[in-house]
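Please walk through this fold with me.

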Amino acid sequence: MNVLELHYDVPGDDFTRAGEASSAIKNKLKQMGISPDVIRNIAIATYEGEINMVIHANGGTIDVFVGADAITMMLKDTGAGIPDTELAMREGYTTAKEEIRSLGFGAGMGLPNMKKYTDEFELKSEVGVGTQVTMKVYLNK
């Protein structure tokens with residue numbers, strides 16, 4: 001049973017609003033008294049996912065499910081999809097355009113960081129359909 005469910009729409013191609021959802025999630029978890037270490041990991045993972053949606057997928061959604069033992073984040077988009085998810089998981093691999101990289105984004109650390117800062121990570125992507133990432137962080141480690 002979930003204690004709390006949160007939903008955020010992530011606008012695409014709008015770097016002025018990028019990070020709003022992950023910041024709101026972080027603030028809500030602080031209000032709930034969640035451990036700072038857990039909040040940090042969730043904030044990093046959701047921010048990376050949020051930025052990926054802005055850069056590559058013209059936006060998407062983030063759903064957060066706070067349960068008694070874990071927090072699950074589900075990120076979905078209807079972007080172009082990832083042709084080679086194994087390659088995309090390599091640190092430093094990026095398909096971001098030069099203009100995006102010149103802004104300090106698109107360094108190829110998004111997906112690797114999402115996996116690094118969560119206890120469970122699942123990436124599903126289909127070219128022409130979109131991408132779904134499900135991540136979980138346990139509350140009691």
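On a 1 Å grid over the protein atoms alone, a pocket is an open set of points where a 1.4 Å probe fits, with protein on both sides within 12 Å along at least five of seven lines. Grid points are joined across faces, edges and corners, and a volume is the space filled by probe spheres set on the points. The model is predicted: local features need pLDDT of at least 70, side-chain atom pairs count only at pLDDT 80 or more, and totals for chains, interfaces and linings use all residues. Residues are numbered from 1 along each chain as its sequence is written, and side-chain values use heavy atoms, leaving out hydrogens and water.

The largest pocket has a volume of about 690 Å³. Its lining counts 36 residues, each with an atom within 4 Å of a point. Closest to the centre are N52, H56, I82, T95 and L111. Helix α2 provides the largest share, eight residues. By class, the lining has 19 nonpolar, 13 polar and four charged residues. Here Ala, Val, Leu, Ile, Met, Phe, Trp, Tyr, Cys and Pro are nonpolar, Asp, Glu, Lys and Arg are charged, and the others, Gly among them, are polar.

Now the sheet. It is open, with five strands in the order β1-β2-β3-β5-β4 and antiparallel pairing. Two strands pair if DSSP finds at least two bridges between them. The edges are β1 (2–11) and β4 (120–126), and each pairs on one side only. From one strand to the next, the twist averages 10°. Axes are lines fitted to C-alpha atoms, for helices over the stretch in contact, and angles run from 0 to 180 degrees between N-to-C directions.

Follow β5 across its two partners. With β4, it pairs over seven antiparallel bridges. E126 is bridged to G130, and K124 to Q132. The two strands form a hairpin with three residues between them, and G128 in the turn has a positive phi of about 85°. With β3, strand β5 pairs over eight antiparallel bridges. There, I71 has V137 as its bridge partner.

Two residues deserve a look. M114 sits in helix α5. It counts as buried because its relative accessibility is 1%; buried means under 20% relative accessible area, exposed over 50%, and partly exposed in between (1.4 Å probe, protein chains only). Beyond its neighbours within four places in sequence, M114 contacts A45, E48, G49, N52, L75, F121, V133 and M135. Its C-alpha atom is 9.7 Å from that of M89, 25 residues apart along the chain.

N58 lies in the loop between α2 and β2. At 62% relative accessibility, N58 counts as exposed. Most residues other than glycine have a negative phi. N58 is not a glycine, yet has a positive phi of about 55°.

Note on methods
Helices (H or I, at least four residues) and strands (E, at least two) are DSSP runs, numbered from the N terminus. Contact means heavy atoms within 4.5 Å.
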